[in-house]
Amino acid sequence: MGLTGRSTGAGLLNCRGIHTQNESEQLIVALAGNPNVGKSTLFNGLTGLNQHTGNWPGKTVTGARGICRHKDKSYVMVDIPGTYSLMANSAEEEVARDFICFGRPDVTVIVADATCLERNLNLALQTTEVTGRVVLCVNLMDEAKKKKISIDLELLSRRLGIPAVGTSARSKKGLDALMEAIAALAEEPPADKRLRITYGDEIEAAVSLLKPAVADALPEHIDSRWVSLRLLEGDVKLLASLSSHLSRDLTVDPGISQKLEEAGALLNHTDIGRDNLRDMMVTRIVKTCESVAREVVTVKKEGYAERDHRIDRFLT
Amino acid sequence: MNNLYNGQIPLNMLPVGKKAVVTSLTSDGVNRRRMLDLGIIDGTEIEPLYKNPSGNPVAYLIRGAVIALRSDASERILVSIL
Ligand SMILES: Nc1nc2c(ncn2[C@@H]2O[C@H](COP(=O)(O)OP(=O)(O)OP(=O)(O)O)[C@@H](O)[C@H]2O)c(=O)[nH]1
Ligand SMILES: [Mg+2]
């Protein structure tokens, strides 16, 4: 607490810097996810602290930190503001994005709403493009059960290639299993089995052209494929954050700017302009979310569930 | 019903209880990206669930999630009624 919306991103990054220097035993765990999925409730359950929860004014705008002890180890949990996407539109979303992308957490937990898993998978898949150290926490399992929605967590984990754990944060169910998954990933990262989204031949050819120059210029902890994709779509805000994180501007690197031009020319040949490119990328991710959700989510007695859904929305 | 643009209507004209599929987005930049990130792409099914008495915003069922959109966003989503 005590960080303003504007300074939080930098503050968190500094905190991480201090952490690497002084307290190498402490691992940093980011709790990220769409708005209102129970991140702060989970944070409170894990740390014993009391972050404000609920719809409004419970909205988290700063990155509160707290300690969770699990089997002789301390984990610094960071409660990240809710966001639908790593393409930030607001100050809070920027804080979330910068922490996930450049804060170098040891583990990022994507907290998802079990009652509408599909939409939540968008952020999960965007995040696995940035880092392989992701645990999917499917929260609100109690609500899902009420709505007769069941989720095959094992299949979900296999499809995404990351651990998936079910929780009901309000009644503190599943928190131990979640910490187990976090600990396992933090201590010994398993082979990288992440589901890799590909964007079609044209875009992939452009990425292949650009990626080696990008990889040369980046420190090891930043994924060069992900940065190449952002350069291609011209995500100006993200690239500005990346520049301030690296203390240098990749787009003026002669090797990169030349390849970027070539890649742009390649895409122009195939009639894929920048706006188009962005649409194609998001569409690929959304379609992947759709097909994964179709495989892992089952709604029993659909008619009943739909009516139920509508009624309780009117009541709240 | 309304046949403003070859059978397409802006989402804000879709009555509660009717289902429709998205045929195109007319927004650009940040607003377009926001819609895409909510899973609103060509072919996505959308159903208005209920309106605020003033008519704004409207709560829509989109990919199993309930999302409230104001008319300045929904008028830039063209749909075709199912
Ligand atoms: N039934 C149920 N309710 C939950 C669960 N987890 C959280 N909630 C409730 O969901 C609401 C939102 O929880 P928060 O923890 O504030 O959500 P958040 O993700 O931190 O929200 P933002 O900070 O606004 O993004 C609160 O009313 C919680 O009590 C759960 O597992 N089951
Ligand atoms: Mg919160």
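A:Arg230 forms a salt bridge with A:Glu129, in which the closest N and O atoms stand 3.8 Å apart. The model in which this pair occurs is a predicted one. One salt bridge is found by the rule across the interface of domain 1 of chain A and domain 2 of chain A, and two residue pairs, both at pLDDT 80 or more, are found in polar contact across that interface. On the side of domain 1 of chain A that touches domain 2 of chain A, helix H3 (91-102) and helix H4 (117-130) of chain A each supply at least two residues, and H3(A) gives the most to that side, with five residues.

The division of chain A places residues 9-187 in domain 1 and residues 201-272 in domain 2. To the contact, domain 1 of chain A contributes eleven residues and domain 2 of chain A contributes 13 residues. The area buried between domain 1 of chain A and domain 2 of chain A comes to about 1,100 Å², with 58% given by carbon and sulfur atoms. Within domain 1 of chain A, the residues that lose the most area to domain 2 of chain A are A:Arg97, A:Phe102 and A:Glu129, which together account for 50% of what that side buries.

The largest nonpolar core comprises 65 residues, and those with the most contacts inside this core are A:Leu136, A:Ile151, A:Leu156, A:Ile203, A:Val227 and A:Leu232. Helix H8 (residues 201-217) of chain A provides the largest share of this core, namely seven residues. Because domain 1 (9-187) and domain 2 (201-272) of chain A both give residues to this core, the core lies between them. When neighbours within four places in sequence are left aside, A:Leu136 is in contact with A:Ile110, A:Ala112, A:Leu121, A:Ala124, A:Leu156, A:Leu160, A:Ile162, A:Pro163, A:Ala164 and A:Val165. Another core, of 26 residues, lies apart from the largest one and has A:Val135, A:Cys137, A:Ala181 and A:Ile182 among its members.

Helix H2 (residues 39-47) of chain A is mostly covered, with seven of its nine residues buried. The buried residues of H2(A) are A:Lys39, A:Ser40, A:Leu42, A:Phe43, A:Asn44, A:Leu46 and A:Thr47. These buried residues pack against strand S1 (27-33), strand S2 (64-70), strand S3 (73-79), strand S4 (107-113) and strand S5 (134-139) of chain A, and also against helix H7 (175-187) of chain A. Just after H2(A), A:Gly48 adopts a positive phi of about 75°.

Between the two chains, the contact takes 23 residues from chain A and 19 residues from chain B. Chain A and chain B bury about 2,000 Å² between them, and 56% of this area is on carbon and sulfur atoms. Five salt bridges are found by the rule across the interface of chain A and chain B. B:Arg32 forms a salt bridge with A:Asp279, for which the closest N and O atoms are 2.5 Å apart. Six residue pairs, both residues at pLDDT 80 or more, are found in polar contact across the interface of chain A and chain B. On the side of chain A that touches chain B, H4, helix H12 (274-296) and helix H13 (302-315) of chain A each supply at least two residues, and H12(A) gives the most to that side, with seven residues.

Terms used. Residues numbered from 1 in each chain as written. Chains lettered and ligands numbered in written order. Predicted model: local features only at pLDDT ≥ 70, side-chain atom pairs only at ≥ 80, totals over all residues. Heavy atoms only, no water. Core = buried A, V, L, I, M, F, W, Y, C linked by side-chain atoms within 4.5 Å. Buried < 20%, exposed > 50% of the residue type's maximum accessible area, 1.4 Å probe, protein only. Helix = DSSP H or I, 4+ residues; strand = E, 2+ residues; numbered from the N terminus. Domains from an automatic or database assignment. Contact = heavy atoms within 4.5 Å. Buried area = accessible area lost by both parts, 1.4 Å probe. Salt bridge = Lys/Arg side-chain N within 4 Å of Asp/Glu carboxyl O. Polar contact = N/O pair within 3.5 Å; in protein donor to acceptor, adjacent residues only side chain to side chain.
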